[in-house]
Amino acid sequence: MNRRKFLQLSAVSSALLSVKETLAAGTSGTKPIVISTWAPNIKANAEAWKVLGNGGRALDAVVAGVQVPEADPNDQSVGYGGLPDRDGKVTLDSCVMDENGQCGSVMAMEYIMHPVLVARLVMEKTPHVQLVGDGALQFALANGFKKENLLTPESEKAWKEWLKTSKYNPMITVENIQEKIHNNQQEKETPYPWPVPRLNHDTIGMVALDAKGNLGGACSTSGMAYKMHGRVGDSPIIGAGLFVDNEVGAASSTGVGEEVVKICGSHTIVEMMRHGYSPEAACKEAVRRIIKNNKGKAKDLQVGFLAINKKGEHGAYATIKGFNYCVTTAAGTKVIDSKFMI
Ligand code: SD4
C-alpha cells in the first residue's frame with residue numbers, strides 16, 4: 001500500500017471510529033441501576049437501592065432516594081437546610097416522572113421538607129402537572145404535610161454573611177447586569193452574569209432502571225443560593241431538569257438551571273439516545289449546545305448532565321471540571337468523575 005492510500009484509509013477508519021464512539025461509547029448495561037448527581041448523594045443511592053435491589057419500582061426507588069438529602073440539614077442545596085433566596089426564604093423545587101410518561105412538579109414551594117412527595121402527589125392526585133408557590137403549599141397542607149421552618153441556623157448565618165457584602169448587589173447579579181445593559185455599559189469580559197459561586201453542589205437529580213426494565217426519575221433542589229424570590233431553575237421543569245421515556249432512557253441535570261432550560265436539556269438527551277447516541281454522547285451534545293449558546297465563554301458556568309438508557313448503560317458530561325455522579329448496581333456503588341468540555 002502506498003503512503004497516500006494508507007493515510008486515506010486511516011482517515012476513514014478514524015472517522016468511522018469516532019462515529020462508532022458517539023453512538024456506542026459508554027458502559028455495558030445492567031439492571032437494576034440507579035444514578036444520581038454529586039458524590040454526597042451516595043447516601044441517596046443506598047436508600048434507592050433498598051427498593052431497587054428488592055425488585056421494586058424505579059419511581060419508588062428514586063422518590064425514596066431523593067428524600068435523603070431533602071431531610072439532611074447539612075445538605076445546603078436541597079430541602080431542609082437549603083440556602084435561602086436573597087429575601088431569606090427557603091423555596092424548593094422538585095419533580096418526578098414515571099415509566100408511563102406521567103409527571104408532577106412543585107416549584108418555589110416553602111415550608112415542606114419533602115417536595116418530592118408533593119410532586120408525586122401532584123402527579124397522582126390532580127389532573128395537573130405543576131403547582132407553584134402558595135398553591136403548592138396549600139395542596140401539600142391539604143394532603144397532610146406538615147408546615148416546618150426549613151431555614152437552619154447554619155443557612156441563616158450564611159445568608160446573613162452574604163447580605164453583609166452583597167446587600168442585594170453581589171458582584172454579578174441579575175439586577176446589576178440589567179442596570180449595565182440599561183446604561184449600555186455591559187462589560188464584554190463578563191464570563192457569566194450570575195452569582196455562580198453559590199451554586200450549592202449537592203442538588204439531586206436521580207434516574208433509575210428497575211428489574212422489570214422500567215425507568216423513573218426525580219429531582220429536588222433549593223435552587224441557586226440567594227436567588228431572586230420566585231426564581232425557578234431547571235430542576236422542577238419536565239424536559240429540562242428531568243425527562244423519562246420508557247422506550248428510550250432517562251436524564252437529569254444539575255448546575256446553572258437557566259442554561260438547562262434554554263436547551264430543554266434532559267429532553268434533548270433522551271431524544272439523542274432515541275437516535276442511537278450513548279448516554280455519555282447524548283449528554284455531551286447537550287453540553288455542546290450550552291457552550292454554543294454562551295459563545296464558548298462558559299469557564300465559570302457549571303452544568304452537569306447524567307443519563308441512563310433502556311439497556312442500563314449510563315453516562316454523564318459537564319461544561320467544566322468538577323461534576324461527578326454516583327452509580328449503584330448489584331455490583332456496588334461508585335462515584336465517577338464526569339468528563340467535561342472546557
Ligand atoms: C437550579 N439546577 O436551581 C439547580 C441548581 C443546582 O447544583 O443544580 N445546583 O438551577
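**Exercise 1.** What percentage of the 342 residues of the chain count as buried?

*Solution.* The structure is a predicted model, and in it 55% of the 342 residues count as buried. The chain is built with 10 helices and 12 strands.

**Exercise 2.** Decide whether D98 is buried or exposed, and find the residues that it touches.

*Solution.* Begin with the position: D98 lies in the loop between β2 (92-97) and β3 (103-109). Next, take the relative accessibility, which is 4% for D98; because buried means under 20%, D98 counts as buried. Finally, leaving aside residues up to four places away in sequence, D98 touches R57, L59, M123, L215 and V244.

**Exercise 3.** Work out which parts of the chain are linked by the salt bridge between D98 and R57.

*Solution.* First, the side chains of D98 and R57 meet in a salt bridge, with 3.2 Å from N to O. This pair links distant parts of the chain, since D98 sits in the loop between β2 and β3, whereas R57 sits in the loop between α2 and α3 (58-71), 41 residues apart. As for accessibility, D98 is buried at 4%, while R57 is partly exposed, with a relative accessible area of 26%.

**Exercise 4.** Describe the salt bridge of E47 with K50, and say where both residues lie.

*Solution.* The closest N and O atoms of E47 and K50 are 3.0 Å apart. Both residues belong to helix α2 (residues 42-52), where they are 3 residues apart, about one turn of the helix. E47 is partly exposed, with a relative accessible area of 28%, and K50 is exposed, with 52%.

Conventions
Residues are numbered from 1 along each chain as its sequence is written. This is a predicted model: local features need pLDDT of at least 70, side-chain atom pairs count only at pLDDT 80 or more; totals for chains, interfaces and linings use all residues. Side-chain values use heavy atoms; hydrogens and water are left out. Helices (H or I, at least four residues) and strands (E, at least two) are DSSP runs, numbered from the N terminus. Buried means under 20% relative accessible area, exposed over 50%, partly exposed in between (1.4 Å probe, protein chains only). Contact means heavy atoms within 4.5 Å. A salt bridge is a side-chain nitrogen of Lys or Arg within 4 Å of a carboxyl oxygen of Asp or Glu.
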